[in-house]
Amino acid sequence: MEAQENIRNAWAALKVVRMAIEQTCPLVCCRAKEAVLLLYGPEPVHEAEALAKAIIEPFERLTTPAKPAS
């Protein structure tokens, strides 16, 4: 039963992280929870991966030089 409580706590923590990202980072677009389930998987680690990617991608776009037009 301790494992189930740990998983519930992980989901609760990720919910808070998602809420903080959505409220404070206008450049960040978090995928909907349903999309995370389909694209990444059903475990808390998959939600964490999606949230990390949502934070990193906008900064990568800002720092990656634009390709010249052909």
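I began with Glu22 and Arg18, which both sit in helix 1, 4 residues apart, about one turn of the helix. Helices here are DSSP runs (H or I, at least four residues), numbered from the N terminus. The model is predicted, so I noted its limits: local features need pLDDT of at least 70, side-chain atom pairs count only at pLDDT 80 or more, and totals for chains, interfaces and linings use all residues. Residues are numbered from 1 along each chain as its sequence is written, and side-chain values use heavy atoms, with hydrogens and water left out.

**Entry 1: salt bridges**

I looked up the salt bridges and found 2 in the structure. The term means a side-chain nitrogen of Lys or Arg within 4 Å of a carboxyl oxygen of Asp or Glu. Side chains of opposite charge can pair when their charged atoms come close. Glu22 bridges to Arg18, with the closest N and O atoms 3.3 Å apart. Glu47 also forms a salt bridge with Arg18, at 2.7 Å, N to O. That pair links distant parts of the chain: Glu47 is in helix 3 and Arg18 in helix 1, 29 residues apart. I therefore recorded Arg18, Glu22 and Glu47 as linked in a network of salt bridges.

Buried or exposed? I checked Arg18. Arg18 is buried, at a relative accessible area of 6%. Buried means under 20% relative accessible area, exposed over 50%, and partly exposed in between (1.4 Å probe, protein chains only). Glu47 is buried as well as Arg18. Glu22 is partly exposed, at 48%.

**Entry 2: helix packing**

Two packed helices are described by the angle between their axes and the distance between the axes. I looked up helix 1 and helix 3: their axes come within 10 Å and cross at roughly 15°. Axes are lines fitted to C-alpha atoms, for helices over the stretch in contact, and angles run from 0 to 180 degrees between N-to-C directions. The two helices are therefore roughly parallel. The classes are under 35 degrees for roughly parallel, over 145 for roughly antiparallel, 65 to 115 for roughly perpendicular, and oblique for the rest.

Which residues make the contact? Helix 1 gives Ile7, Ala10, Trp11, Leu14, Val17, Arg18 and Ile21. Helix 3 gives Pro44, Glu47, Ala48, Leu51 and Ile55. Contact means heavy atoms within 4.5 Å.

**Entry 3: the core**

I listed the largest nonpolar core next: Leu14, Ile21, Val28, Cys30, Leu51 and Ala54, 6 residues. Leaving aside neighbours within four places in sequence, Val28 touches Ile21, Ala54, Ile55 and Pro58.

**Entry 4: Val36 and His46**

Val36 lies in helix 2 (residues 33-39). Val36 is buried, at 2%. Beyond neighbours within four places in sequence, Val36 contacts Arg18, Arg31, Gly41, His46, Glu47 and Ala50. I noted that two of the salt-bridge residues, Arg18 and Glu47, are among them.

His46 is in helix 3 (residues 44-63). I found His46 buried, at 18%.

Conventions:
Core = buried A, V, L, I, M, F, W, Y, C linked by side-chain atoms within 4.5 Å.
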